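Open the model in your viewer and keep the selection tool ready. This tour tells you what to select next and what is there.

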Amino acid sequence: MSLLSRLLCSLFVAATVAAAHAAEPGVDVKAEVNRISKQSREAPVEALAQLEAIRKRLGAGGSYEEQQTLLRAEVRLKEDLGRLEESYVLERTSLELALAHGDAAGAALARLGAVREMVDAHRLDDAQALLDKVTAQAPANASVVFKASVERIRGGILNLRARFDEALAAYLRSLRLLQALPGEGGRRAALYARIAQVYINTDNPAKALDSADLGLAEETMSLWSLTSLQFTRGRALIKLGRDREGIDAYEKALATATRAGLSASEAVIRGNIADYYLMHHDYVRAERAAREALVVSEKVKEPSAVMMARANLGFALMGQGKIAEGTPYVDAVIAHMRKGKLLADLEALLDEKGRMLERAGQYQRALAIVREQQSLQQQSERKARDRAIAALQEEFDAKRRSQQIVLLERENKLKDAELSNRRTVQLATTFAAMLTVLAGAVVYVMYRRAARSNARLTELNVQLEFRSTHDALTGLHNRRSLTSRMTGRVADGSADRRSHAEGVDCFVLLDVDHFKSINDRWGHGAGDAVLVEVARRLAAAVRESDMVVRWGGEEFMIHAPGMAPDTVAGMAGRILETIGAQPVDGGSCEIPVTLTAGIVALPPAADAAFDWQCAVRLADWALYQGKTQGRNQARIVTRLHAPAASVMAALEGDAAHARALLALDCVHGPRQDPARPAPAVPRDAGGAAGALPALAPT
């Protein structure tokens, strides 16, 4: 064959191949994505496989819009299936593609993937900073989906920070943005699930149930959203006491998650089922459910679900008396909480571990747990108190500035009146008397108004002084009041010794038994009611000269000066009887309440080595002796067998050595009804599937 013939043949073959490719029908990416999205509501795994196949077949030959459409659809499906690491990789691919094509709006949407990655890793400060940066740099033509996603992520960060009111507001803003978009029923359903979870976190299960039902009413949603709504509905029903319906909802959610292959959701649901059985002390079922949850959570490598499953398994084993077998699981989770500084969850976990150890008779280990838990509680209370004081000071400063402005305005008016008066005198001396009277009347009125303003300012100062020395909830004195009294006691020691020559200063430190359980079972409102009623009963049980102090949290202090030494035990018995004889009326329930107390009597002529602060420290030690020996009792330090300095040094060292240096008396509180069950504590695992749940009962 000649060279020309071979060339013509090659051209013919090339043209034939090109024509064949031109004749191959193209893929309508948008139509395919819509079809696969509908399929994903019933078979998300198969739908994801089809999306991956289309994107692989299309490669780099598709248009920018087609590639981004496929990427966004695949990101969403992988998030629903809990394959978060893969979704983050796709987000980075989407970002590179958007930057290469100069699509600022698409780049802003893709950058939110990095924010979600930080939130999932609980790097909340970094996530908030990056979210603010992405929002500030987003173009004006950013999509409604981008704006709704920003609010949803902001709500997630606030929810994890326990700022639930702000989280709810962010979720509602996102929901309003999506209401105007057709075909976004899935995203709306997911938001209703998050809103329901916020209501769960704020102990409002009725609102949570309403929100979950609104989400289930959406016409189209993914299996992930359906699972989340069914699961949250179950949590709300259990909180409302409708346990059988709640477990049914859990089982439906578990069936949906299993059918859809949502392993991360399955792990969280199984963990909450284990929680339910732990709450009802069915430790055998709880162990079985926790082991199933641990297998699934380790398979999907979801850290929060793994921690939850390990904690539940540990407590289920400890509840069966297998302390040595269960403790390592619980201690591993406690170490994780300490490292992540998750103080609220850590406090709850320590409380439950202490209960388990106390139930097993290991009082010394339980006491160490109680001390760490109380330290965490005091840190939380200190932060809350500082915020309250700052808010009060800001309010006071604002009122003072407002009053200063009013006074300046009145002063200017007075000067204007005086100038007008002078001009009038110059124009007509005949009207001088009348103008003088008028000016006097104006001055008098202004003086009266200024006097009223000064009186109001004095009243505000009195209120501020009262709030600085009294507890806002109970109305009792606070630590500052006691410190002031003790300063006066030292400064006027001689007069005090003359007036109370035969008496002693008695320091009584009291702690409400199992107060955390009261909060968890009946809610923080009931807990506040218990504190108020305990404060009222304490004030009624002591003399008018005694000072009752809200020491912090569920702790109270009584300073009783000038007491006869032989009346201290009687006072202790009277206090325990007053508190524990009758339950507290919580409105819809009767709440049994008892106290444990530590009591130290300090002579008015005590030396510098044993001042009132040492007495309080010793009373705290005596209180914890009562805690370790069963609560509902008062431990009274009646005598020191060694110098005060030696006793105080021993308290910081060996507890057994310190006990040998002291003489203790014990007064028991009123006997409690043994048939009355101990307060059971509801257990929650907050957050959506994939978010960190509450890991331990309290």
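Is Cys666 buried or partly exposed? Select Cys666: this residue is partly exposed, with a relative accessible area of 25%. Buried means under 20% relative accessible area, exposed means over 50%, and partly exposed lies in between (1.4 Å probe, protein chains only).

Before moving on, note that this is a predicted model: local features need pLDDT of at least 70, side-chain atom pairs count only at pLDDT 80 or more, and totals for chains, interfaces and linings use all residues. Residues are numbered from 1 along each chain as its sequence is written, and side-chain values use heavy atoms, with hydrogens and water left out.

**Cysteines**

Now select Cys506. It counts as buried, at 0% relative accessibility. How many disulfides are there? The count is zero, taking a disulfide as a pair of cysteine sulfur atoms within 2.5 Å.

**Helix α5**

Select residues 84-100, helix α5. Helices (H or I, at least four residues) and strands (E, at least two) are DSSP runs, numbered from the N terminus. At 1.5 Å a residue, its 17 residues should span 24 Å. The expected span is 1.5 Å times one less than the number of residues. The end C-alpha atoms of α5 are 24 Å apart, which agrees.

Colour the buried residues of α5: Ser87, Tyr88, Leu90, Glu91, Ser94, Leu97 and Ala98. What do they pack against? Show α3 (44-58), α4 (64-80) and α6 (104-120): these are the partners. Just after α5, stop at Gly102, where phi is positive, about 65°.

**The cores**

Go to Leu51. Not counting residues up to four places away in sequence, Leu51 touches Val33, Ile36, Leu70, Ala73, Glu74 and Leu77. Contact here means heavy atoms within 4.5 Å.

Leu51 also belongs to the largest nonpolar core, which has 61 residues. A nonpolar core is a set of buried Ala, Val, Leu, Ile, Met, Phe, Trp, Tyr and Cys residues joined through side-chain atoms within 4.5 Å. Leu51, Leu262, Ile269, Ile273, Phe315, Met318 and Leu349 touch the most other members. Helix α16 (residues 303-319) gives the most to this core, with 10 residues. Then select Val508, Ala535, Leu576 and Ile636: they are included in a second, separate core of 36 residues.

**Two polar contacts**

Select Ser228 in helix α12 (residues 223-239). Ser228 is buried, with a relative accessible area of 4%. Its side chain joins that of Gln197 in a polar contact of 3.3 Å. A polar contact is a pair of N or O atoms within 3.5 Å; within protein, one must be able to donate a hydrogen and the other to accept it, and residues adjacent in sequence count only if both atoms are side-chain atoms.

Next, Lys627 in helix α26 (residues 612-628). Lys627 counts as buried at 10% relative accessibility. Its side chain makes a polar contact with the side chain of Asp513 (3.1 Å). Leaving aside neighbours within four places in sequence, Lys627 is in contact with Asp511, Val512, Asp513 and Thr596.

**Two loops**

Select His281, in the loop between α14 (263-279) and α15 (283-300). Its phi is near 60°, a positive value in a residue other than glycine. His281 is partly exposed, at 48% relative accessible area.

Finish at Asn632, in the loop between α26 and β7 (633-640). Asn632 has a positive phi of about 55° although it is not a glycine. Asn632 counts as buried, at 13% relative accessibility.
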